[in-house]
Number of protein chains: 2
Amino acid sequence: MRMLEPDEIEPLATGAWILGAGGGGSPYDGFLNLRRLCRDGVGIPLMDPGELDDDDLVVAVATMGAPLVGRERLADPELSVKPVRALEDYLGRRFQAVMPVEIGGGNGLEPFLVAAVTGLPVVDADAMGRAFPEAQMTSFSIHGLPMFPMALGDVRDNAVIVTRAASWTWMERLSRAVCTALGSTAPTAKAPRTGREVKDCAILGSVTRALRIGRTVRDARARHDDPVAAVLEAEGGRLLFSGKVVDVDRRATAGFLRGGAALDGVEGDAGSRFEVDFQNEYLIGRRDGDAAVMTPDIICLMDAESGEAVGTETLRYGQRIGVAALPAPPILSTPEGLEVVGPRAFGYDIDYRSAFAEG
Amino acid sequence: MRMLEPDEIEPLATGAWILGAGGGGSPYDGFLNLRRLCRDGVGIPLMDPGELDDDDLVVAVATMGAPLVGRERLADPELSVKPVRALEDYLGRRFQAVMPVEIGGGNGLEPFLVAAVTGLPVVDADAMGRAFPEAQMTSFSIHGLPMFPMALGDVRDNAVIVTRAASWTWMERLSRAVCTALGSTAPTAKAPRTGREVKDCAILGSVTRALRIGRTVRDARARHDDPVAAVLEAEGGRLLFSGKVVDVDRRATAGFLRGGAALDGVEGDAGSRFEVDFQNEYLIGRRDGDAAVMTPDIICLMDAESGEAVGTETLRYGQRIGVAALPAPPILSTPEGLEVVGPRAFGYDIDYRSAFAEG
């Protein structure tokens with residue numbers, strides 16, 4: 001267990017945003033909140049999953065909904081704690097630690113806000129190794145762990161607990177209906193996990209990975225190097241396209257942000273076009289009509305100058321973008337993993353082909 | 001406390017259906033279930049509200065949703081118990097009695113099904129004195145009692161508890177979203193009430209009133225008298241129109257059954273037309289374009305021959321109908337009551353005028 005250093009907050013936000021594959025919500029408000037809290041002297045303990053006792057109880061938190069709507073409401077650390085307390089009251093037990101459901105985007109910072117208010121340590125792990133739009137798209141689901149009870153809160157005095165769900169799909173459907181009724185954004189606390197379950201079934205070291213990526217970007221900038229190239233080299237990623245955004249189609253619908261974007265190539269990619277589809281996160285990328293990258297590979301659109309991630313809700317005409325793929329946690333591309341997060345899970349009639357297949 | 005007699009089940013169903021104002025769902029499946037349970041020797045205690053201890057805990061049950069959809073699923077007594085058990089588990093306390101939220105329609109029989117399975121007594125009271133489509137339309141709401149926690153169950157293994165709601169409207173919105181996701185019908189257990197709250201804030205004697213109306217219909221039939229006239233005489237009701245259904249417009253939408261119907265007059269009403277609007281329940285009736293009756297008066301459409309109620313989901317072309325008004329519990333037409341269940345609460349820009357105003 002160690003304390004998060006104040007100068008780690010910015011790299012954490014940068015790295016989480018890149019791992020978000022366009023989703024997980026902008027980390028900017030969370031970053032501002034965390035910086036303020038740390039300046040106020042609040043310490044946030046970060047713990048290795050190996051330090052968890054087997055029967056510790058861990059809560060996984062995330063804000064659910066359409067990222068575009070999330071941007072319209074300022075993040076309040078107290079708000080993120082509401083569903084955690086609701087779940088504790090329901091269980092009649094206190095949690096020993098908090099972790100992100102998804103390290104990607106603002107949701108990667110959410111457990112740190114909860115930790116700042118509650119004093120709980122943040123576990124260096126998540127359940128996606130990136131961000132995904134739906135509740136069942138986690139390593140816990142792939143491992144067959146139960147999905148209930150889960151709690152949703154909101155800025156008013158509403159709270160809902162899904163105490164039983166017939167399946168992960170039912171959990172997604174019920175919680176999405178509540179989230180939509182609450183205004184298409186809601187802080188949530190997912191089914192409690194034991195320390196043993198986290199050690200066996202979570203994606204370990206996710207916070208460390210986000211911190212590392214963020215530091216790589218920061219250091220490259222300081223050296224006036226290309227931050228996109230630096231991240232890809234350090235993380236074994238692959239540059240797929242350099243281009244300029246020429247079209248964005250985006251709509252907030254039924255609790256998701258859906259749409260697509262088109263980029264015209266520049267430099268070596270001049271004359272080519274790259275298209276991406278998204279449902280909160282980037283799902284598939286096509287170069288001149290041919291699938292070049294697809295979920296669960298982490299599709300990153302990064303600002304070519306700063307190396308900052310460009311989210312599905314911040315994408316806009318004229319941006320200069322490096323489109324890259326980062327490898328996803330191996331469990332996501334197993335047959336069991338692909339069933340839950342592969343292209344077919346999103347309705348694409350296509351077999352998963354790794355962007356790293358040809359080395 | 002006394003046991004419900006087997007020969008009371010049919011009058012209970014008939015009376016509840018008439019008090020339903022077209023809604024509350026058909027009592028037919030519940031009637032069949034109750035008859036079978038009583039034949040199997042199950043006894044159902046009926047208790048006067050005065051017998052409740054002040055700190056007894058009472059659960060109010062109802063099936064929520066569009067009656068038309070409810071008809072497509074057979075009522076299973078065990079199903080109605082699911083949200084009751086979910087709420088008990090949440091509270092960490094057992095209930096001492098069960099009551100209907102609305103005496104109207106199948107929902108008037110629902111607590112008897114719960115009682116048959118659990119052994120709990122049914123309290124002779126409800127919170128509407130009829131049926132209404134929305135969660136906040138109760139005497140508990142008019143008295144300002146809290147609306148949470150409330151539980152929803154379903155035929156699969158789903159269960160949801162709204163643990164907090166910012167208002168009755170939020171409770172309606174959240175529970176309706178869950179109900180719709182569950183297929184537009186769901187058994188529910190509403191916020192627990194103490195014995196004191198039931199005695200002070202419920203509509204007392206509702207079960208007795210339903211039984212009395214049902215017996216009046218049965219006895220009139222046995223005497224070959226007009227059952228509609230018999231009910232109106234015994235209950236202080238008023239016949240508004242005799243006619244034949246010539247048009248029905250009905251749609252299940254967003255968890256409700258909405259629409260309207262038109263009747264052409266017969267006998268003394270020949271040459272006139274009567275139109276009714278409904279949202280699960282009949283809301284307003286117009287004779288030749290002029291409002292003749294409106295909520296909260298209990299608008300009953302009864303089969304002219306049998307005296308059986310005709311629900312908004314069983315209304316069809318060609319039926320011979322007596323349209324009548326029965327007086328609603330007085331609290332519903334107080335200023336506080338009208339705010340919650342008067343015509344304006346349903347979007348009609350019209351002041352409530354009692355169908356009994358002219359004596």
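Two residues are in contact if their C-beta atoms, placed from the backbone, lie within 7 Å. This is a predicted model, in which local features need pLDDT of at least 70, side-chain atom pairs count only at pLDDT 80 or more, and totals for chains, interfaces and linings use all residues. Residues are numbered from 1 along each chain as its sequence is written, and chains are lettered from A and ligands numbered from 1 in the order in which they are written.

**View 1. The interface between chain B and chain A.** Here 20 residues of chain B are in contact with 20 residues of chain A. On the chain B side, α4 (77-91), β8 (159-164) and α7 (168-181) each give two or more residues. Helices (H or I, at least four residues) and strands (E, at least two) are DSSP runs, numbered from the N terminus. α7(B) gives the most, with 7 residues. By class, the chain B side holds 13 nonpolar, 3 polar and 4 charged residues. Ala, Val, Leu, Ile, Met, Phe, Trp, Tyr, Cys and Pro count as nonpolar, Asp, Glu, Lys and Arg as charged, and the others, Gly among them, as polar.

**View 2. The symmetry of the two copies.** Chain B superposes on chain A by a rotation of 180° with 0.0 Å of shift along its axis (RMSD 0.0 Å). The two copies are thus related as by a two-fold rotation axis. The same surface serves both copies, since 100% of the contact residues of chain B recur in chain A. The superposition is by least squares on the C-alpha atoms of residues with pLDDT of at least 70 in both copies.

**View 3. α4(B) against α5(B).** Helix α5 of chain B spans residues 110-118, and α4(B) packs on it at an angle of about 90°, with the axes 8 Å apart. Axes are lines fitted to C-alpha atoms, for helices over the stretch in contact, and angles run from 0 to 180 degrees between N-to-C directions. The two helices are therefore roughly perpendicular to each other. Angles under 35 degrees count as roughly parallel, over 145 as roughly antiparallel, 65 to 115 as roughly perpendicular and the rest as oblique. From α4(B), B:Pro77, B:Glu78, B:Ser80, B:Val81 and B:Val84 take part. Among their partners in α5(B) are B:Leu113, B:Val114 and B:Val117. The contact of α4(B) with α5(B) has 7 nonpolar, 2 polar and 2 charged residues.

**View 4. A:Val114 in its helix.** A:Val114 lies in α5 (residues 110-118) of chain A. It counts as buried, with 29 C-beta neighbours inside 10 Å. A residue is buried if 20 or more other C-beta atoms lie within 10 Å of its own, exposed if 12 or fewer, and partly exposed in between; C-beta atoms are placed from the backbone. Not counting residues up to four places away in sequence, A:Val114 touches A:Val61, A:Ser80, A:Val81, A:Val84, A:Val98 and A:Leu120.

**View 5. Helix α1 of chain A.** 10 of the 11 residues of α1(A) (residues 9-19) are buried, so the helix is largely enclosed by the rest of the structure. A:Trp17, A:Ile18 and A:Leu19 are among the buried residues. Their cover includes α2 (28-39), α9 (206-222), α10 (227-235) and β17 (298-303) of chain A. A:Ala21 follows α1(A) and has a positive phi, near 55°.

**View 6. The loop at A:Val155.** A:Val155 sits in the loop between β7 (150-153) and β8 (159-164) of chain A. With 17 C-beta neighbours inside 10 Å, A:Val155 counts as partly exposed.
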